[in-house]
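Q: I am new to this structure and would like to learn how to read it. Please show me, and take one feature at a time.

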Amino acid sequence: MGFTNLNYQFQLDFRRVTNIPPDPRDRLSYFQTFKALLKEEREKIKTWHRSGVGGREIVQAHTGLMDESIRHIVHTLTKLEIYAESNLIENFSLIAVGGYGRGELNPFSDIDLLFVVEKEKDNDIIGSFIQDLISIFWGIGLEIGHSVRTIKTCVSMAKEDLTVQTALVDIRIITGNPGLFEQLNQAIQKNVLKKNIKEILTSKLNEHFDPNQSVSELVCKPEPDIKNGPGGLRYYHTALWGMATLFGTVSFLDFDGGKTISKREIKSYYRSIDFFLRVRNELHYLTEKKTDVLQLDLQKNLATHLGYKQEEETDITQRFMRDYFLHATSIYNYSEIIFKRCLQLEKPYIAKVITSLTQKDLGNGFISKDSELHYKEEIEENFSSNPQLLLTVFEICIEKSLELSPQLKRQIRLNLKLFNNEFVQSASIREMLFKTFNRSNSEKILRQMHEVGVLGKILPHFEEIHCLVRYDNYRRYTADEHSLRMVRFLEELESPEGTELAELSSIFKKSGLKDILKLVALAHSLATVSGDDTGDTQKKINTLSDQLNLDEEQKEILTFLLNHFFAMTEFAFYKDFHNEEAVKDFLTVTQTPEKLNALYLVSYADLKASAPDTWTSWKQYLLSQLFNLTRNGFQKQSEPSQTSPLMAKFNLHSFLQKEFFAWEIEDHLDRMGEDYLVWASPEAAAQHIHLLKSTKNESFVLDINYNKQGEHHILTLACEGAKKPLKNLVGILTAKNMTILGAQSFLGEDDIAITILQVGRTDGTIHEIDPIWLEVEQAMQDIIEGKISIKEVLKERKRFSTYEKKKKNVIMPKVKLENIGNPNYTVIRTEARDHIGMLYKIVAVLENFGIQIHRAKISCNGDRGINVFHVSLRGKKLSFKRLIIRVKEQLISALLLEKVEDMIL
């Protein structure tokens, strides 16, 4: 790049540092003094950074500090008697490479040096000098990466390795022979970069700019990589590299005479780059090492140190990350424009002629070229006078399946002011939007509209959620990205892979509300959460409905879905929907089969879009069960209740009469009680009668079946006279690192017990004949016989460090007890950091109080485990206030324990 001399702002004073002792064994004091000097200067820069100084100033300060330190050491070392007469400084060129070469040295970044010599093996004194110099660098605590090369070797390596080519663009001389540096610079430009520029540019384009993914999809990751991730500093470096290679300039303000990108846009680009440099500086200071990933547990501290202040309405982490994503989007867009323009300008004349022959005129001044939509330069002025052209752009993209070219994207962004109230309220806007909704590839078009800011102008609420972060240990994408992902997953139901989504696919294909469902996806940020004030939300829904001129039916379904957006997941995951009253409540919520279908589809899309692992077979199973129970409820609303005790008993007798005597059925039902009668299906009751018969000769019987639909195992434990079967079985499964998804427990007369668990596995799949089930049975037998305690079993469990490291975010446990909403049971809801052993802790605490667990639903939303238990104490609800307080206290204490085996009850 050149001879840039980055002067150190604080005027480094080396007078306290003594001369380098000739004997390496005497250099400890020298190292300590120099280390102390560097530490003081780095602290000055850190204080400067924490006071709010820009990112570029800080990286240049670190670069200047290293330049002066390295230069001082080199020149001091050359004065030693062993080197003094060799005039070494003229025999090599010491060059900064990579980020250091660019003058962008973050606090803990790599310091890469290249020693350029005339001949590698011609002078032993140079080799000795370089080895001595590197040992001093290491002695004072500098982690230097270095290489010694001739110009010929550098050129040869650069021809074979793109990484070396890139590194040799960002070079800067620190000290030594400037002639060698200039020769290297010219040799690289002439023999490598100019000869292979097209291949290099194309390789960089394919590496960084993915035409199959939109900017928001690429950029808005929960834990972005500030350097190498999409929209990161590497993208700016790529644009800088292309410009420097082709035009020999390192200032974007000098690029292409302002035709490609204006000075105002360049200033915005530089602001985003400076923001990223500042964030990376703080990330290094915070972690005290070279770090580029903004991990979730670091983001709040980053925001605090970068000067974000807590406000009532929004969390500082959310505001910081929104700013981060907006700047990342800016860096990605501007880098793409500049880099693709470099590629375009590089094409030789003959290639441009061929391209002009293959391009196709699409009318209105638009042309297709290389699967992209471009425009003729003469129509630029038409954009500002004809806003309809902005809609024509997307109509062409829809019809021809084209992508917007970077320059066309830029032109649209520059003319967003045309989307005034009159234009947004026009019929042409509504027609274009609903035409898009009714296509199978609408997500792709909507993403392009969002990328250039058009979607936010058409739907004002969508502009408000651009890059809005709402991480809640459940959602892992920004609000706008979540919306677009919902649209995608709805569209994929048209032709899903496999049969797992057959039910949802069938409903979607038959739906006459596909356009409204996609509108709901885009408007999901308006959805109300239970307990929220719905007044303001309804005003926004009304405004949206009026703007798009929705008819009464469309407005009704839009309002219903946004006001009950979370209702189905709440019922499916946290309510005992096998209870007749719960189903009746949900029937009241959904009102009609059509609304039930729509809510099922929206709930699926929301879960699927929230995070990669949020939609599971178990959650699909629960939603499907609730959907089918409710659908059947609509069909039977005019019939006698099918879940009343009398009807349930009649159904059981009808199903089991060929297999059991009537007295056997009646005896089993009498022993298990009315609660069992309402819950158990005829198939389950038959299984339980068989299992209890087997316990006449065994202390317990464990039956294992695989549920293919929910991809989980159902463990049914039957026993007579055994103590705490639920606690012991949960403890054993915890020791085996199993994931428990749900539980049901029934205690009958004569101390008989039936315990049912739905089980998965943390570390992979498991089969019915897996040896682990024999281990579970043996452990249960040993506990019943008193050979071992459950605490000893838990102590033997193997810890999965990767899993437990992943679940490291601190979440303060919450416990809530309710005696309303369920006629028979107290409902206990717990929220805490999800971890192996969580369920065992809760079960152990409740059983220690003598509280019986009838139902348990276990759900994991990101790092948060949310469990709901339906319990009773001696057949009644928990009503004693002091007892409730003690239960809450012990549950919270247990959930805060690091190791489940440390519980003392």
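This is a predicted model: local features need pLDDT of at least 70, side-chain atom pairs count only at pLDDT 80 or more; totals for chains, interfaces and linings use all residues.

Q: Which residue does the side chain of Lys-457 meet in a salt bridge?

A: A salt bridge is a side-chain nitrogen of Lys or Arg within 4 Å of a carboxyl oxygen of Asp or Glu. Here Lys-457 is paired with Glu-463, at 3.8 Å from N to O. Glu-463 is partly exposed because its relative accessibility is 40%.

Q: How many salt bridges are found in the whole structure?

A: The search finds 35. One of them joins Arg-16 to Glu-40, with the closest N and O atoms 2.8 Å apart. This pair links distant parts of the chain: Arg-16 sits in the segment before helix 1 (28-50) and Glu-40 in helix 1, 24 residues apart. Helices (H or I, at least four residues) and strands (E, at least two) are DSSP runs, numbered from the N terminus. Arg-16 is partly exposed at 40% relative accessibility, and Glu-40 is partly exposed at 39%.

Q: Which parts of the chain does the salt bridge between Arg-829 and Glu-570 link?

A: The closest N and O atoms of Arg-829 and Glu-570 are 3.1 Å apart. The pair links distant parts of the chain, with Arg-829 in strand 14 (residues 826-833) and Glu-570 in helix 29 (residues 567-574), 259 residues apart. Arg-829 has a relative accessible area of 22% and is therefore partly exposed; Glu-570, with 28%, is also partly exposed. Elsewhere, salt bridges that share partners join Glu-336, Lys-340, Glu-372, Lys-409 and Glu-451 into one network.

Q: Is helix 21 largely enclosed or open?

A: Helix 21 (residues 442-451) is largely enclosed by the rest of the structure, because nine of its ten residues are buried. Among the buried residues are Glu-443, Arg-447, His-450 and Glu-451. Just after helix 21, Gly-453 takes a positive phi of about 90 degrees.

Q: Where is Val-900 found?

A: Val-900 is in the segment after helix 42 (881-896). Its relative accessible area is 2%, so Val-900 is buried. Val-900 and Ala-735 are 165 residues apart in sequence, but their C-alpha atoms are 9.5 Å apart in space.

Q: How many disulfides does the count come to?

A: A disulfide is a pair of cysteine sulfur atoms within 2.5 Å. By this rule the count is zero. Cys-467 is buried, since its relative accessibility is 1%, and Cys-719 is buried at 1%.

Q: Which residues gather in a patch of negative charge on the surface?

A: They are Asp-551, Glu-552, Glu-553 and Glu-594. Patch residues have over 30% relative accessible area and no salt bridge; like charges are joined within 9 Å, and nonpolar side chains (Val, Leu, Ile, Met, Phe, Trp, Tyr) within 5 Å. Glu-594 lies in helix 31 (residues 593-610) and is exposed, because its relative accessibility is 51%.

Key: Residues are numbered from 1 along each chain as its sequence is written. Side-chain values use heavy atoms; hydrogens and water are left out. Accessible areas come from the Shrake-Rupley method with a 1.4 Å probe; for residues, only the protein chains shown count as cover. Lys and Arg count as positive and Asp and Glu as negative; His and the chain ends are not counted. The place of a charge is taken as NZ of Lys, CZ of Arg, CG of Asp or CD of Glu. Buried means under 20% relative accessible area, exposed over 50%, partly exposed in between (1.4 Å probe, protein chains only).
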